[in-house]
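Hi,

Here's the structure I said I'd pass on.

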Amino acid sequence: MKTIVIKTPLGNAIITGDTNGISKIQILDDVIEVSTDIPKEFQLAVEELNGYFKGTIKEFSFSINPKGTDFQKKVWEELLHIPYGKTYSYLELSKKLGDVKAIRAVASANGKNPLWIIIPCHRVIGKDGSLTGYAGGLWRKKWLLEHENASKQESLF
């Protein structure tokens, strides 16, 4: 496994992976040195993450290889189906997974998502529309949702 650090508008992100794909992306509040040498297996991920933040990329194509239980992977797979700029409630996500009673387990798996932004757990909100827990901090969740849902108002003058 290799690890690099990149700068994002929301803080430095640590990216971990190997030739099988990116297994972890974590955002940090700490300021640490940004990587200057980007290994070949990370180049597409870095390029696409930069494109996401610039607003030119809405879907990621690089290989991912998250580590987790079968249930967590099932939840993360469903998260990948939430379209850019849209949100689901935890209840909607549980229904899509076939068990509304599993809402707490679904929320727990959502919170253990190892691939920040790529598996879009930030797109899951409370059924009342409230921003609920987010490992990166609610301010980052709000920023990401606003970034993905930026309305481009035309000038009247």
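Below is what turned up when I went through it. Keep in mind that this is a predicted model.

Strand S1 (residues 2-8) pairs with strand S2 (residues 11-18) through seven bridges, running antiparallel. The two make a hairpin, with two residues between them. If you want a landmark there, Val5 sits opposite Ile14 in S2.

Next, the core. The largest nonpolar core has 36 residues, and the members that touch the most others are Ile15, Ile25, Leu79 and Trp116. At least two residues each come from S1, S2, strand S3 (21-27), helix H1 (40-54), H2, helix H3 (90-96) and H4. H1 is the biggest contributor, giving six residues.

Last, a helix pair. How do H2 and H4 cross? The axes of H2 (residues 70-79) and H4 (residues 103-111) come within 9 Å and cross at roughly 80°, so the two helices are roughly perpendicular to each other. On the H2 side, the contact uses Phe71, Gln72, Val75, Trp76 and Leu79, and these meet Ala105, Val106, Ala109 and Asn110 in H4. By type, the residues of this contact are seven nonpolar and two polar, with no charged ones. Leu79 is also one of the core residues listed above.

Cheers

Definitions and conventions
Residues are numbered from 1 along each chain as its sequence is written. This is a predicted model: local features need pLDDT of at least 70, side-chain atom pairs count only at pLDDT 80 or more; totals for chains, interfaces and linings use all residues. Side-chain values use heavy atoms; hydrogens and water are left out. Axes are lines fitted to C-alpha atoms, for helices over the stretch in contact, and angles run from 0 to 180 degrees between N-to-C directions. Helices (H or I, at least four residues) and strands (E, at least two) are DSSP runs, numbered from the N terminus. Angles under 35 degrees count as roughly parallel, over 145 as roughly antiparallel, 65 to 115 as roughly perpendicular and the rest as oblique. Contact means heavy atoms within 4.5 Å. Ala, Val, Leu, Ile, Met, Phe, Trp, Tyr, Cys and Pro count as nonpolar, Asp, Glu, Lys and Arg as charged, and the others, Gly among them, as polar. Two strands pair if DSSP finds at least two bridges between them. A nonpolar core is a set of buried Ala, Val, Leu, Ile, Met, Phe, Trp, Tyr and Cys residues joined through side-chain atoms within 4.5 Å. Buried means under 20% relative accessible area, exposed over 50%, partly exposed in between (1.4 Å probe, protein chains only).
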